[in-house]
Amino acid sequence: MTTSIQDILAEALTQGTLRIVDLTHTLSPDFPTLVLPPEFAQATPVKIEQLSRYDAAGPAWYWNKLTFSEHTGTHFDAPAHWVTGRDLPLNTVDTMPLENMIRPACVIDCSSACAADADYLLTVDVLKEWEDRHGKIPAGWWVLMRTDWYKKSSVDYANLKADGAHTPGPTQEAIQWLIEERDIIGFGTETIGTDAGQAGNFALPFPAHSLLHGAGKYGLQCLTNLDKLPARGAIIVSAPLKVLDGSGSPLRVLALADTE
Amino acid sequence: MFKPLEPPKNKDPLHRTRQLVLPPRARSRQAHLFTQAAAEGRFALPRCKTCGQFSVPARDCCPNCLGGEYELADTAPSGTVLSVTEADIPFLNYFRERAPWRVVLVRLDCGPTVLAHGHYDCAIDGRATMSLKLDKAGQAVFYAAPAETGGDPLSDPQWREMTADPRHRRILITDGRNPVTPALVRDLLQAGARKIFVGLPDLWKPLAWENELRQHAAVQVVPLDVRSERSVYELVRAYGAKIEILINTADHIRPGGYLAPGQLCHAADALDMLAMGLMRLAASFGPVMAGRGADGEAGAVAWVNLFSAYAQTPSAALAGYAMAHAAALNFSLSLRAELAGGGIRVMNVFSGASDSDWFQTMPQPRVTARVLSRSILDGLRGGLEDVHVGAVAEDIKERLRANPKAAEREISSTRFGG
C-alpha cells in the first residue's frame with residue numbers, strides 16, 4: 001500500500017514528530033503598532049469590547065467585539081497595501097491564491113548583530129553567506145529575518161526616539177536581490193514593519209514595502225519564535241482573514257518543523 | 001475653633017463605610033438662578049428687571065413692584081452678620097452627622113437678608129464676605145466668612161463639605177500625555193494632595209516628562225488607556241476605592257473641517273477617546289466614587305472633565321474635534337446627575353486652544369498649561385461646576401448667553417489661519 005502525503009502529515013502531527021511553533025503575538029491593546037506622523041490616519045491597536053460575559057447582557061455566553069486595523073499585531077501585508085502593488089491582480093487578502101498561504105521558509109539569523117545595533121541592516125552579502133552554509137534560497141519560499149526582537153519589552157520593541165523608530169530591517173539591495181534573483185514569496189520580520197525603523201530616510205523610502213508589494217510579494221510582521229525554527233525548511237502557515245478588499249490582516253502564523 | 005485637618009488614617013476594615021445622606025435637594029425653577037451663579041463661582045442674585053431690586057429667595061414676582069421678570073446680576077459679596085446659630089442636634093441626618101453646624105443670618109449690602117452657612121469665626125455685627133456655593137446635594141447655598149480676618153475657609157469643615165480641596169486627597173489624572181500634566185501634578189502636590197496616580201496609555205511610546213513625574217514620591221504612573229474597557233477595568237480594580245478626585249485629561253486633537261483628509265478616522269478616534277472614554281471611566285469609577293462620598297473627611301469628592309470651548313458651539317474648522325467634545329460634554333451632564341446622589345461634584349473646565357502643537361496655527365490668545373492647571377485647582381477649591389479658562393472660552397460663553405444664534409453663525413464659520 002502506498003502512503004499518501006496526507007497520511008505522512010497526519011502521522012507526523014498525531015505522533016508529535018512534527019513540531020508546531022506559534023509565530024504569533026497575542027492580539028492585545030497594549031501591543032505597539034506602527035507609528036506614522038500623527039496627522040495621518042493610524043494603525044490603531046486592537047480594541048476588545050465585551051458584549052456579554054454570563055451576565056445581564058447575555059446570561060449564558062461570553063463574547064467580545066473586536067476593532068482593529070488590518071495592520072495590527074502579528075499581521076500579513078498583501079500587495080495592495082502599498083501604492084506600488086495597487087494595480088496587480090489578486091493583490092488583496094480575499095483574492096490571494098490559497099497555495100501562497102502555506103509555504104516553506106528560510107530563516108536568516110541576524111540576532112547577534114541586532115543585539116549590538118538596533119539599526120542593523122540585512123545585506124546581500126549576509127544572504128550569500130547564509131546560502132554558503134545552508135544552500136540556495138529556493139524560489140517561492142519565505143525569507144524570515146530573525147532578530148530576537150520579540151523578546152524585548154514593549155518600550156525597547158518599539159524603540160521610538162526623537163528621530164523615529166530604531167529597529168532592524170533589510171537594505172534596498174537585499175530586497176531587490178531576493179525578489180529578482182531568488183523570487184521569494186515574501187519577507188517576514190519580528191519587528192513592527194518589514195522595513196527598518198529608519199527606512200523612511202533611505203534613498204528609496206520603505207524599500208521592503210515598495211519593492212515587495214510592487215512585485216506581488218507578501219510581508220509578515222511582528223513574528224515571534226523565529227529562533228525556534230530551523231535555518232531552512234519550516235512550513236509557514238499564514239492564512240490572513242478573508243477581508244473584502246483587504247490590504248492585510250492580523251492572523252495566527254504557525255510553523256511546522258521537524259522535532260529537534 | 002477647629003484644628004487643622006489631619007491626614008486621614010487608613011480605614012478600619014471592621015467598620016462600614018459611612019454612606020452619604022444629602023442635604024435637602026428640592027429647589028424651585030427660579031432658585032436655579034442661584035445654582036447657575038454658584039456653579040461658576042459668581043456672587044450674583046436675581047434682580048427685578050423693572051425696579052432693580054435684588055430678591056432672595058428667588059420669587060415669581062417682585063415683592064417691591066410686582067414685576068414678573070428677573071435677571072441674574074452680579075453684586076458685591078458683602079454684608080453684616082445679624083445672628084449666629086450653632087445647631088448641636090440638627091434634625092436632618094446630613095447636618096446631624098456633621099454637628100455642630102453653624103448658620104448665620106446676614107444682611108447683604110445689596111438689600112436682602114439671607115440665611116447662610118457660616119465660618120466658625122463669624123460673629124454678630126461683624127462684616128461678612130459672602131459666596132454662593134453648591135452644597136453636597138449640588139444646590140446653591142450662601143456661605144459667610146468673616147471679612148476682617150478672611151478666615152481660613154479651607155480649614156472650615158462646612159466649607160470643605162461644599163468644595164473639593166485636593167488636600168489629603170488621592171487623585172487620578174487619566175492621561176499623563178496631556179501637556180497640562182507636569183504643571184497639574186506640581187500644583188496638586190503643592191495643594192497637599194496625598195497621592196497622584198497618573199494614567200499613561202501606550203507605555204511603549206516615549207513621554208518627555210515621564211522622568212519628572214516619577215521623581216515625585218507621591219506620584220505613581222499607572223497604565224491606563226481610556227480607549228480600552230479592559231485597561232480602565234484593571235485600574236479601577238486595583239485603585240478604584242483609593243481615588244477621591246478624578247481629572248479626565250484624555251484628549252485627541254485633530255483640527256480640520258469634515259472634508260479634511262482622514263477626518264472620519266480622526267473624528268472616530270476623538271469620539272472614542274473623549275465621549276466613549278469618559279463613558280468607560282464613568283462606568284468603572286463612577287459607582288465606586290459615588291459610594292465613597294462620605295468616606296471620612298477626605299472622601300471622594302470631585303470628577304473633573306477638560307473640554308474644548310468648542311464643545312458648546314459648532315466650528316467648521318474643528319468639526320470632528322468639536323463634535324467629539326460636544327458628545328463628551330453631553331455625557332458629562334448625565335454623569336453629573338448620576339454622581340449627584342453620591343455627593344460627587346462634576347466640574348467641566350472649558351478652554352480655547354492650548355499651546356499644543358496641534359493648535360499651532362490657531363490665533364492667540366492660547367491657554368498655557370500653567371493657567372489651565374491653576375484654573376482646575378481654583379475650581380476644585382471653590383467647588384465649582386463650570387470653569388471657563390482664558391479669553392476665548394469666556395468670549396464663547398458670553399456670546400452664547402447674549403445671542404445664541406449670532407454665536408452659532410459667527411463662531412461656526414470662523415477659519416483659523418495657517
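Trainee: How many helices and strands does chain A have?
Mentor: The model is predicted, so keep that in mind throughout. The C-alpha trace of chain A spans about 65 × 65 × 40 Å along its principal axes. Its secondary structure comes to 6 helices and 15 strands.

Trainee: What is the radius of gyration of chain A, and what does the globule rule give?
Mentor: The rule is applied to 260 residues and gives 18 Å. The value for chain A is close to that, so chain A is as compact as a globular protein of that length. The radius of gyration of chain A is 19 Å.

Trainee: How many helices and strands does chain B have?
Mentor: The C-alpha atoms of chain B fill a box of roughly 65 × 60 × 35 Å, taken along the principal axes. Chain B has 11 helices and 14 strands.

Trainee: Why is chain B called as compact as a globular protein of its length?
Mentor: The globule rule gives 22 Å for 418 residues.

Trainee: Which helix gives the largest share of the side of chain B that touches chain A?
Mentor: On this side, 12 residues of chain B are in contact with 14 residues of chain A. The chain B residues divide into 4 nonpolar, 3 polar and 5 charged. The largest share is 3 residues, and they come from helix H6 (residues 229-239) of chain B.

Trainee: How far apart are the centres of domain 1 and domain 2 of chain B?
Mentor: The domain assignment gives domain 1 as 32-158 and domain 2 as 170-412. The centres are taken over C-alpha atoms. They are separated by 31 Å.

Trainee: Which elements give two or more residues to the side of domain 1 of chain B that touches domain 2?
Mentor: The contact takes 10 residues from domain 1 and 10 residues from domain 2. By class, the domain 1 side has 5 nonpolar, 2 polar and 3 charged residues. The elements are helix H1 (32-40) and strand E6 (127-134) of chain B.

Trainee: Are H7(B) and H8(B) roughly parallel or roughly antiparallel?
Mentor: Helix H7 (residues 263-290) and helix H8 (residues 319-340) of chain B have axes 8 Å apart. They pack at an angle of about 10°. Angles under 35 degrees count as roughly parallel. That makes H7(B) and H8(B) roughly parallel.

Trainee: Is the crossing of H7(B) and H8(B) left-handed or right-handed?
Mentor: Residues from both helices meet there, including Leu274(B) and Leu278(B) in H7(B) and Phe331(B) and Leu335(B) in H8(B). By class, the contact has 17 nonpolar, 6 polar and 1 charged residues. The crossing is right-handed.

Trainee: Where is Pro100(B)?
Mentor: A cis peptide bond joins Ala99(B) and Pro100(B), with omega about 0°. Most peptide bonds are trans. Pro100(B) is in the loop between helix H2 (93-97) and strand E4 (101-108) of chain B.

Trainee: Which residue does a cis peptide bond join to Gln364(B)?
Mentor: Omega is about 0° for this bond. The partner is Pro365(B).

Trainee: What is the phi of Leu90(A)?
Mentor: Leu90(A) lies in the loop between strand E4 (75-77) and strand E5 (102-109) of chain A. Most residues other than glycine have a negative phi. Leu90(A) is not a glycine, yet its phi is positive, at about 50°.

Notes: Residues numbered from 1 in each chain as written. Chains lettered and ligands numbered in written order. Predicted model: local features only at pLDDT ≥ 70, side-chain atom pairs only at ≥ 80, totals over all residues. Contact = placed C-beta atoms within 7 Å. Helix = DSSP H or I, 4+ residues; strand = E, 2+ residues; numbered from the N terminus. Nonpolar A, V, L, I, M, F, W, Y, C, P; charged D, E, K, R; others polar. Axes fitted to C-alpha atoms, helices over the stretch in contact; angles between N-to-C directions. Parallel < 35°, antiparallel > 145°, perpendicular 65-115°, else oblique. Left-handed = near helix turned anticlockwise from the far one by under 90°. Domains from an automatic or database assignment. Rg over C-alpha atoms; globule rule 2.2 N^0.38 Å.
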